[in-house]
Amino acid sequence: MPAFSWRLWLGLVLILLPSSLAADEESSLLQDWHDVWLFRFFLNVLGYTTIIIPGYFLITYLKRINYLETGVDDLQTGRGICYPVIKACVFGSESKTGLLDDVSLAPRNDADSGSSARQAFKLVFCAAGLQVSYLTWGVLQERVMTRSYGASTPEEEGEHFKDSQFLVFMNRILALTVSGLWCVLFKQPRHGAPMYKYSFASLSNVLSSWCQYEALKYISFPTQVLAKASKVIPVMLMGKIVSHKSYEYWEYLTAALISLGVSMFLLTSTADKQPSTVTTFSGVVILGGYIVFDSFTSNWQDNLFKHKMSSVQMMFGVNLFSCLFTMGSLLEQGAFFDSLAFMTRHSEFAFHAVLLSVCSACGQLFIFFTISQFGAAVFTIIMTLRQAIAILLSCFLYGHAVTMVGGFGMAVVFLALFLRVYARSRMKVGRKAPQPQVQKV
């Protein structure tokens, strides 16, 4: 157990000190170390490795002995419980098919055949669901990570919640429950991908979510939103590295405009409430980690979609491993029960944490439904508007100041995003003219 090993090592170092002094010193040093985000990050990763390394050796062993054949030979009277579980988790049931379009064909055709009024109602429903889910999620995210709980008067400092990983776990456990119920209640394509392949996207997704929460301790919410809008650039770079993709000239042009706009905002926005330059630098580094991890997640999921699966099945697989990673790490550090104790002390935080998870899970379902009904272009426009509204809402609620040049930089970023959506939709229309194709979810 990493946390207990750390305490044991620190106790041995301080053994020469008087007992009472050593106890105070150990507690003080542990608290100081836990206040360093880099230490918490590596402690989380260390917890994940205690799950990843045994899993890696087990999967390698099962593949080396060719378990699919030896398992059948050893269980001629019946394959038992282990065989189908191991087959699904390690080997899968189908090869790559590239037929995901068959899954999304039905809902898109239903959408095209509906009346204009019905389509307009669906569009308003999707847009409202996405805006309410993610705007509420953004406001709560900033509230939980930057404000205190338990202060009865403005003069009291209250108590801050510090464990971002527990919030990630709360989001993932509810998303796992919702996606699992969805897969049971609604017909899904036969799943063929080995389950362990979800662990790669899950690990990067957990790390990106942790960075997203943690960054709010060091930078403002508008800065985070604008930097997230610029993740087009690292996604393109990761696409060339992971998937060997090629891009059009307009994609490089809009990426350059986004970089320019973000630079204008970051270099000119006021930072009256930022404690120090070091704090701002830490926030930028953490935010960079979020963008890198999130870029890998999207590209790895894109490769996984080459297997025949639905988006909800993808949601279930990724969240399954996310719950396993975060729960294991929290228990090893002893932070799980500390976070539960914080929830019992502060009912307002418990309400915020649950509502945060509900918004996250509902938002993911709205994403899948919107893309299946209207395609990725309409979804991107809605989410781009959501980012702009989120910045304005955060500035209004929490008093963030933006200079005129910073505001112009924001306008450049969102203009580039809309140009990107327009150019992509034009290219898809041109490609569909000679031979219609189905939008890939």
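The model is predicted: local features need pLDDT of at least 70, side-chain atom pairs count only at pLDDT 80 or more, and totals for chains, interfaces and linings use all residues. Residues are numbered from 1 along each chain as its sequence is written, and side-chain values use heavy atoms, with hydrogens and water left out. The chain holds 18 helices and zero strands. Both are DSSP runs, numbered from the N terminus: helices are H or I of at least four residues, strands E of at least two.

**Overall build**

- Of the 441 residues in the chain, 45% are buried. Buried means under 20% relative accessible area, exposed over 50%, and partly exposed in between (1.4 Å probe, protein chains only).
- The accessible surface is about 22,700 Å², and carbon and sulfur atoms account for 68% of that area. Areas come from the Shrake-Rupley method with a 1.4 Å probe; for residues, only the protein chains shown count as cover.
- Among contacts between residues at least 6 apart in sequence, 86% join residues at least 24 apart. Contact means heavy atoms within 4.5 Å.

**Nonpolar cores**

- The largest nonpolar core has 77 residues; Leu-130, Leu-167, Tyr-198, Leu-226 and Phe-349 touch the most other members. Such a core is a set of buried Ala, Val, Leu, Ile, Met, Phe, Trp, Tyr and Cys residues joined through side-chain atoms within 4.5 Å.
- This core takes at least three residues from each of domain 1 (26–91) and domain 2 (116–149 + 160–429). The domain bounds come from an automatic or database domain assignment.
- Another core lies apart from it, with seven residues, including Ile-59, Ile-86, Val-90 and Tyr-196.
- Beyond four places in sequence, Phe-349 touches Val-144, Tyr-149, Phe-161, Leu-167, Phe-342 and Met-343.

**Aromatic pairs**

- The whole structure contains 22 aromatic pairs. Rings of Phe, Tyr and Trp (its six-membered ring) pair if their centres lie within 6.5 Å; planes under 30 degrees apart are stacked, over 60 edge-to-face, and the rest tilted.
- Phe-125 and Phe-369 have ring centres 6.4 Å apart and planes at 85°, so this pair is edge-to-face. Phe-125 is in helix α7 (residues 116–146) and Phe-369 in helix α16 (residues 347–374), so the pair ties together parts 244 residues apart in sequence.
- Phe-125 is partly exposed at 43% relative accessibility. Phe-369 is partly exposed at 31%.
- Phe-200 and Trp-300 have ring centres 4.8 Å apart and planes at 45°, so this pair is tilted. Phe-200 belongs to helix α9 (residues 198–215) and Trp-300 to helix α13 (residues 277–304), so the pair ties together parts 100 residues apart in sequence.
- Phe-200 is partly exposed at 38% relative accessibility. Trp-300 is partly exposed at 22%.

**Aromatic cluster**

- One aromatic cluster is formed by Tyr-149, Phe-161, Phe-166, Phe-169, Phe-336, Phe-337, Phe-342 and Phe-349.
- The charged end of Arg-143 sits over the ring of Tyr-149, 4.2 Å from its centre. The test needs NZ of Lys or CZ of Arg within 6 Å of the ring centre and within 35 degrees of the ring normal.

- Val-262 lies in helix α12 (residues 249–268) and is buried, at 10% relative accessible area.
- Leaving aside neighbours within four places in sequence, Val-262 contacts Leu-226, Ser-230 and Val-413. C-alpha to C-alpha, Val-262 and Leu-226 are 6.7 Å apart.
- Ile-51 lies in helix α3 (residues 37–64) and is partly exposed, at 23% relative accessible area.
- Not counting residues up to four places away, Ile-51 touches Leu-324, Phe-325 and Gly-328. Ile-51 and Phe-325 are 274 residues apart in sequence, yet 7.1 Å apart in space, C-alpha to C-alpha.
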